[in-house]
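Biologist: Can you walk me through this one? I'd like to start with the core.

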Protein chains: 2
Amino acid sequence: MTEENTVFIGNKPTMNYVLAVITQFNSGDNKVVLKARGRAISRAVDVAEIVRNRFISDAKIKDIKIGTEPMTTEEGRTTNISSIEISMGK
Amino acid sequence: MTEENTVFIGNKPTMNYVLAVITQFNSGDNKVVLKARGRAISRAVDVAEIVRNRFISDAKIKDIKIGTEPMTTEEGRTTNISSIEISMGK
C-alpha cells in the first residue's frame, strides 16, 4: 500500500474527509487507510461509519490500530498523542 | 463477560478512567472493555494507551470495534452517533 491510499483526518468538516475516502475507492483502490491523532480520532471513526453506512455499503472495516506518537507542542515541549489507523477495504 | 468489566468513558478527566481500568485489572479481571461514544472516543483511545504504556505493561489491545448508535438529542430528534469498543486483556 502506498501513502496515496491514506487519508489524514484533521480539523476540517467531516464530510470533506468522507468525500476524500469515496474518491479513493471510486478511483479503483480496494483499500483506504484513515489516520488521525488526538481529538481528530473521533472524527476518523465518524468518517469510516458514514462511508460504510451511507455511501459504499460493501466497504468493510478490515483493521483498527491505536498507538501513541511523540509530538512537539507550540512551546517546544515533547508530549505524547494518541493515534488511530482505520483500514477500510471492499 | 459481565457488564462489570466494562468502563464507560465520558467527559470526566482521562485519569479517572485510567484509574477505573487499573482497578478492574487489579481486582483479578483479565479483560476490561472500554466503551465510548462521540467525542469521548478520543479519550477512550487515550485511556487504553496510558494504561498500556504507563501502568500495566502486560495489558494488550485484544480487539477494537467501531459502530453507529441512534441517539435522541435534547430537542427530541433522533440522530446517529459513532461508538467505539476497545477490549483490553492480559
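Biologist: Which residues have the most contacts inside the largest nonpolar core?
Modeller: Leu34(A), Ile84(A), Ile86(A), Leu34(B), Ile84(B) and Ile86(B), in a core of 50 residues. A nonpolar core here is a set of buried Ala, Val, Leu, Ile, Met, Phe, Trp, Tyr and Cys residues joined through side-chain atoms within 4.5 Å, and buried means under 20% relative accessible area with a 1.4 Å probe, protein chains only. The model is predicted: local features need pLDDT of at least 70, side-chain atom pairs count only at pLDDT 80 or more, and totals for chains, interfaces and linings use all residues. Side-chain values use heavy atoms, without hydrogens and water.

Biologist: What does Leu34(A) touch?
Modeller: Leaving out residues up to four places away in sequence, its contacts include Val7(A), Ile9(A), Val21(A), Ile84(A) and Ile86(A). Contact means heavy atoms within 4.5 Å.

Biologist: And the strands, how many bridges between E2 and E4 of chain A?
Modeller: 7, antiparallel, with E2 at residues 31–37 and E4 at residues 78–89. Strands are DSSP runs of E, at least two residues, numbered from the N terminus, and two of them pair if DSSP finds at least two bridges between them. Val33(A) has Ser87(A) as its bridge partner.

Biologist: Which residue has a positive phi in the hairpin of E3(A) and E4(A)?
Modeller: Gly76(A), near 90°, in a hairpin with 5 residues between the strands. E3(A) and E4(A) run antiparallel, joined by 12 bridges.

Biologist: Switching topic, what rotation superposes chain B on chain A?
Modeller: 180°, with 0.0 Å of shift along the axis and RMSD 0.0 Å, by least squares on the C-alpha atoms of residues with pLDDT of at least 70 in both copies. The two copies are thus related as by a two-fold rotation axis.

Key
Residues numbered from 1 in each chain as written. Chains lettered and ligands numbered in written order. Helix = DSSP H or I, 4+ residues; strand = E, 2+ residues; numbered from the N terminus.
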